2 protein chains.
Amino acid sequence: MTLRLSVDMMGGDRAPESVLAGAALACEKHPKLHMHLFGDMSVVEPLLRTHLTLAQRTTLHHTDEVVTNNMPPLTALRTLKRSSMRLAIEAVADGLCHAVVSAGNTGAYMALSKIILKTLDGVDRPAIATTLPTLKGPCLALDLGANIDCSVENLVQFSVMGEVLAQRILGKPKPTVALLNVGSEELKGHAVIQQAAQKLRAIKFLNFIGFAEGDDLTCGNVDVIVTDGFTGNVALKTIEGCARLIMKTAHQNFMKSWRGKLGYLIARPAFKAIQHAMDPRLHNGAAFLGLRGNAIKSHGGADAVAFANAIDVALRMMSEKQSRLIGDEIEMKLKEI
Amino acid sequence: MTLRLSVDMMGGDRAPESVLAGAALACEKHPKLHMHLFGDMSVVEPLLRTHLTLAQRTTLHHTDEVVTNNMPPLTALRTLKRSSMRLAIEAVADGLCHAVVSAGNTGAYMALSKIILKTLDGVDRPAIATTLPTLKGPCLALDLGANIDCSVENLVQFSVMGEVLAQRILGKPKPTVALLNVGSEELKGHAVIQQAAQKLRAIKFLNFIGFAEGDDLTCGNVDVIVTDGFTGNVALKTIEGCARLIMKTAHQNFMKSWRGKLGYLIARPAFKAIQHAMDPRLHNGAAFLGLRGNAIKSHGGADAVAFANAIDVALRMMSEKQSRLIGDEIEMKLKEI
């Protein structure tokens, strides 16, 4: 079956060049992929000449309108009826594509996705979810930036949504779920988190284990970690920054002495493996969870490799069966609570 | 001049053993240090026999009462009048000691410090501050867990407090100050952070540069990063967890092949240097900023090396002149705004 992917060519700091190069990489990797590219064709078409494989498996959709990074979501929603972002999302709503990927303005992308794709029954607000590498396999974390202020109900819904996604994509029948907090003791945290924990403890089907702390995001003791979009976004970017700091510190230390340089040369494959494991580009791509359709957000600063990885995430989610199952289960479980 | 340090022997997951061992390490390192140890002497005294240097430079203060990790701050405040934590703080208020260090219950320690040491004029709530290693020298971050919910005024005061501390301990005459947020664009974040930014922009003496993101905590582009205690605590622990993940992943990768092992052996000094730079124990110790007296918080899980490092932090803050200057400047600047 051909997988049809919709791509917003104009979103992201390095669009459309990196987006196009990323789409081209993904096309080389996935022979069954067909792309629908939305954007300013006066810029995109000339670039496409150097990407022959992509050019052969692409349908182009021209539009002049672009959602910029600084544009308030409401402006993107109300004034731009033909932005590349909006048209790319509509392609999923219309059934033309199985999923959409954009590296553009997160707030606008989420607002448009919510309006165009609609939320699942029982979901008040979608959340941004991604898997993080840990010492013991991936940990699913949400929300990573869609909802700056979260209510008790939001956190409860995110927990159920996260549980279902972890079952499907991590293959864990009974994933553990925890709320991110400043301590694991029951009394810790603010009122919203306290009340959310109380409600989650009462949900029988959920394997809710209480509170997780910042270091649990990478230690692998919890399968699903739920938080508000403010904290989640800061934590995610903190991990990226920390990884960069350590890799650079390591490199500087090895290059300081001849022993370091020699050891580096000999152990080069091991260094490459670590760089690969920690490369934030290979963890790029987060799902908007809770929508009637697959929308994937790429980091705004994504280069070609990173954008191609976001497409990989989309492919993992976009099989029709898979995404319908996830949606159905979320709706069923939210009805139960 | 002899520096007199007050130590809560009963606080922390590994107390009193690790606390005592840490105090002993610090004593070996700092010949002018005299310790006042507060705690259950039936446990502490026998342990002291193996630490002769410390034993010679120590005054013991017995008490049976202990603030446990799970105790609500109000209980510690109202029912325990002779806890080791309280007596250790009182030693600073009474002028017996120049600073106090505890690895115990953070909430109780902060509440007791606030009541006993009192806050500086203009400071509504003290904050927990520490320096983080970055690619370009240390970054001062606060609040790291004292205040779960923060008002606009709290964030503004933290910014001024952070500026003064950075001037004194980082030696930066005009440190840059930023608020931690989910994006650097002016429109990002919730109402409190938006209003705080507006007020900070209006403070003429402050080098406020707007919003920082999670990765700025470790990239070194900002001298002082201000946030609420919830986000700050999660970010701090996220850094710790991430560092652990990378160091362990690295070790596993090197041990997988003979080339890795050989390279590791040859470049051992470089590895050790990196481990040292990233060792969370050597970054242990955070200051309660905004009080009329020096109170330093050690991580609850601190071992001897980590606790000794918290004492180092105390020593940096505790010269009478230094801490009075910091306090005076904070009061003066808060009056100006």
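**Cut-offs and contacts in a two-chain model**

Reader: Why is B:Asp215 called buried?

Author: In this predicted model, B:Asp215 has a relative accessible area of 19%, and since the word buried is kept for values under 20%, B:Asp215 falls on the buried side of that limit.

Reader: What makes the pair of A:Arg244 and B:Asp215 a salt bridge?

Author: The closest N and O atoms of A:Arg244 and B:Asp215 are 3.1 Å apart, and the rule asks for a side-chain nitrogen of Lys or Arg within 4 Å of a carboxyl oxygen of Asp or Glu, so the pair qualifies. A:Arg244 lies in helix 10 of chain A, whereas B:Asp215 lies in the loop between strand 8 (207–212) and helix 9 (216–219) of chain B, and therefore the pair joins two chains.

Reader: How many salt bridges are counted between chain A and chain B, and what makes A:Lys237 and B:Glu213 a salt bridge?

Author: The count between the two chains is 4 salt bridges. The side chains of A:Lys237 and B:Glu213 come to 2.4 Å, N to O, which is within the 4 Å of the rule, and so the name applies. Between chain A and chain B there are also 16 residue pairs in polar contact, with both residues at pLDDT 80 or more.

Reader: Which elements of chain A give two or more residues to the side that touches chain B?

Author: They are helix 9 (216–219), helix 10 (229–255), helix 11 (258–266) and helix 12 (268–278) of chain A, and helix 10 gives the most, with 21 residues. Sorted by class, this side of chain A has 31 nonpolar, 17 polar and 10 charged residues. In all, 58 residues of chain A are in contact with 58 residues of chain B, and the area buried between the chains is about 4800 Å², of which carbon and sulfur atoms give 75%.

Reader: What makes A:Lys333 and A:Glu163 a salt bridge, and which parts of chain A does the pair tie together?

Author: Their closest N and O atoms are 2.8 Å apart, and because the limit is 4 Å, the pair meets the rule. A:Lys333 belongs to helix 14 (residues 320–336) and A:Glu163 to helix 7 (residues 152–170) of chain A, so the pair ties together parts that are 170 residues apart in sequence. A:Lys333 and A:Glu163 are both buried.

Reader: How do you know whether B:Arg281 and B:Asp279 are buried or exposed?

Author: B:Asp279 has a relative accessible area of 14%, which is under 20%, so B:Asp279 is buried; B:Arg281 has 32%, which lies between the two limits of 20% and 50%, so B:Arg281 is partly exposed. These two residues also form a salt bridge, with the closest N and O atoms 3.0 Å apart. Elsewhere, salt bridges that share partners join A:Asp121, A:Arg292 and A:Glu331 into one network.

Reader: What makes strand 5 of chain B mostly covered, and which strands does strand 5 pair with?

Author: Of the 6 residues in strand 5 (residues 127–132) of chain B, 5 are buried. Strand 5 runs antiparallel to strand 10 of chain B over 3 bridges and antiparallel to strand 6 (residues 139–142) of chain B over 4 bridges. On the strand 10 side, B:Ala129 stands opposite B:Ala287, and on the strand 6 side, B:Leu140 is the bridge partner of B:Thr131.

Technical notes: Residues are numbered from 1 along each chain as its sequence is written. Chains are lettered from A and ligands numbered from 1 in the order in which they are written. This is a predicted model: local features need pLDDT of at least 70, side-chain atom pairs count only at pLDDT 80 or more; totals for chains, interfaces and linings use all residues. Side-chain values use heavy atoms; hydrogens and water are left out. Contact means heavy atoms within 4.5 Å. Buried area is the accessible area (1.4 Å probe) that two parts lose on being put together, summed over both. A polar contact is a pair of N or O atoms within 3.5 Å; within protein, one must be able to donate a hydrogen and the other to accept it, and residues adjacent in sequence count only if both atoms are side-chain atoms. Ala, Val, Leu, Ile, Met, Phe, Trp, Tyr, Cys and Pro count as nonpolar, Asp, Glu, Lys and Arg as charged, and the others, Gly among them, as polar. Buried means under 20% relative accessible area, exposed over 50%, partly exposed in between (1.4 Å probe, protein chains only). Two strands pair if DSSP finds at least two bridges between them.
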